[in-house]
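The structure is shown first, and the main points follow by topic.

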Amino acid sequence: MSFLFVVGSLFLLNTIELSVAGEGSTPKIKEIVLGRCYEYQLNTIGPEADNWKDCNEIWEAFHQAFAYKNPCTLAFDDYQPFFDATGMQELTKSLFWSGTHKVAQVYSDSGDRYTTLEDTLAGYLGNGLTWCGNENLSRSDSDGIDYNSCPDWSECDYTTPFWGLASTTFARHARGIARVMLNGSRVDSNGKPVPYREDSFFAKYELPNLQVNKVSELRIVVVHNNGPNKRLRKGCYTASIRMLKKHARNRGLKVTCYDDPNDVRHILCTDDPFSRKCLFLLFNSWRH
């Protein structure tokens with residue numbers, strides 16, 4: 001897959017839809033999870049490795065967490081056996097994100113440069129899929145998975161038990177410099193920039209679970225869209241980021257912040273090289 005295809009400049013800062021409320025579970029989800037499990041290990045540790053995880057065991061732990069159950073009653077504990085089965089190594093190049101899913105994935109380079117939650121086995125298996133069970137399904141002629149309808153957001157947030165525990169587990173395994181990439185172009189209802197939201201997964205599950213004695217620094221990276229009508233903002237100096245710095249320092253973490261570092265700007269400028277923010281590319285070329 002080409003780099004240009006992966007990068008969509010005006011949409012790189014959009015968040016991922018972890019599941020689509022109101023729709024049913026992803027068809028063939030068992031086959032997808034098993035296939036991803038084998039593919040992930042083939043690509044990360046190779047076919048000859050003797051420490052492969054048991055993909056059937058992982059599927060069973062995942063399936064038992066939600067199948068034949070009311071999705072609105074699920075809790076973190078339901079998914080703990082799944083995360084025990086997938087495991088997670090110490091993460092020396094962790095990259096958290098909020099409102100920057102696509103650019104964070106390109107920036108991480110599938111775990112080769114940094115590691116996002118979606119680059120771990122557990123995150124990779126669930127990424128982009130929808131699943132829910134139904135307590136009324138028969139055990140004799142169904143697999144307990146509802147392929148017709150999952151709850152609407154107005155009914156309950158049935159995805160947080162999985163992704164909240166995933167985020168918690170990811171944060172607990174971060175070591176050294178932990179990076180978080182935030183959307184500096186995100187604004188609230190009053191038009192004020194809010195790269196850091198206190199109701200985000202990062203604020204609720206990841207920041208509180210960083211191990212202060214094992215994380216040497218929280219490095220904040222604030223990125224902005226390149227659209228021609230986007231006025232430039234100094235994200236590191238917004239009230240939102242000041243709040244994040246306060247929360248992190250209150251936990252005993254060293255904090256630094258960077259606005260649109262050049263390596264990220266190169267990614268954002270792929271499809272919009274003549275925007276105001278991308279003029280540095282032209283200046284650099286003239287110097288050579």
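In this predicted model, Arg 219 and Glu 217 form a salt bridge in which the closest N and O atoms are 3.0 Å apart. Glu 217 is buried, with a relative accessible area of 8%, whereas Arg 219 is partly exposed at 22%.

**Salt bridges**

- The count of salt bridges comes to 4, and the pair of Arg 219 and Glu 217 is one of them.
- Lys 69 forms a salt bridge with Asp 78, and their closest N and O atoms are 3.1 Å apart.
- Lys 69 counts as partly exposed at 25% relative accessibility, and Asp 78 is also partly exposed, with a relative accessible area of 24%.
- Asp 199 forms a salt bridge with Arg 197, where the closest N and O atoms lie 3.0 Å apart.
- Asp 199 is partly exposed at 48% relative accessibility, and Arg 197 is partly exposed at 34%.
- As a general point, side chains of opposite charge can pair when their charged atoms come close.

**A buried charge without a salt bridge**

- Glu 118 lies in the loop between helix 5 and helix 6.
- Glu 118 is buried and has no salt bridge, the nearest side chain of opposite charge being that of Arg 36, 10 Å away.
- A salt bridge requires the nitrogen and the carboxyl oxygen to be within 4 Å.
- The side chain of Glu 118 does have a polar contact of 2.9 Å with the side chain of Gln 105.
- Leaving aside residues up to four places away in sequence, Glu 118 touches Trp 97, His 101, Gln 105, Gly 123, Tyr 124 and Asn 127.

- Helix 4 spans residues 76-86, and its buried residues include Tyr 79, Phe 82, Phe 83, Ala 85 and Thr 86.

- Most residues other than glycine have a negative phi.
- Ser 110 has a positive phi near 55° and is not a glycine.
- Ser 110 is found in the loop between helix 5 (101-108) and helix 6, and it is exposed, with a relative accessible area of 62%.
- Asp 260 is likewise not a glycine and has a positive phi of about 45°.
- Asp 260 belongs to the loop between strand 4 (255-259) and helix 10 (262-268), and it counts as buried at 12% relative accessibility.

**The chain as a whole**

- The secondary structure of the chain comes to 11 helices and 4 strands.
- Of the 288 residues in the chain, 51% are buried.
- Among contacts between residues at least 6 apart in sequence, 75% join residues at least 24 apart.
- The chain has an accessible surface of about 14700 Å², and carbon and sulfur atoms account for 49% of that surface.

Methods: Residues numbered from 1 in each chain as written. Predicted model: local features only at pLDDT ≥ 70, side-chain atom pairs only at ≥ 80, totals over all residues. Heavy atoms only, no water. Buried < 20%, exposed > 50% of the residue type's maximum accessible area, 1.4 Å probe, protein only. Helix = DSSP H or I, 4+ residues; strand = E, 2+ residues; numbered from the N terminus. Contact = heavy atoms within 4.5 Å. Areas by Shrake-Rupley, 256 points an atom, 1.4 Å probe, with all protein chains shown as cover. Lys, Arg positive; Asp, Glu negative; His and termini not counted. Polar contact = N/O pair within 3.5 Å; in protein donor to acceptor, adjacent residues only side chain to side chain.
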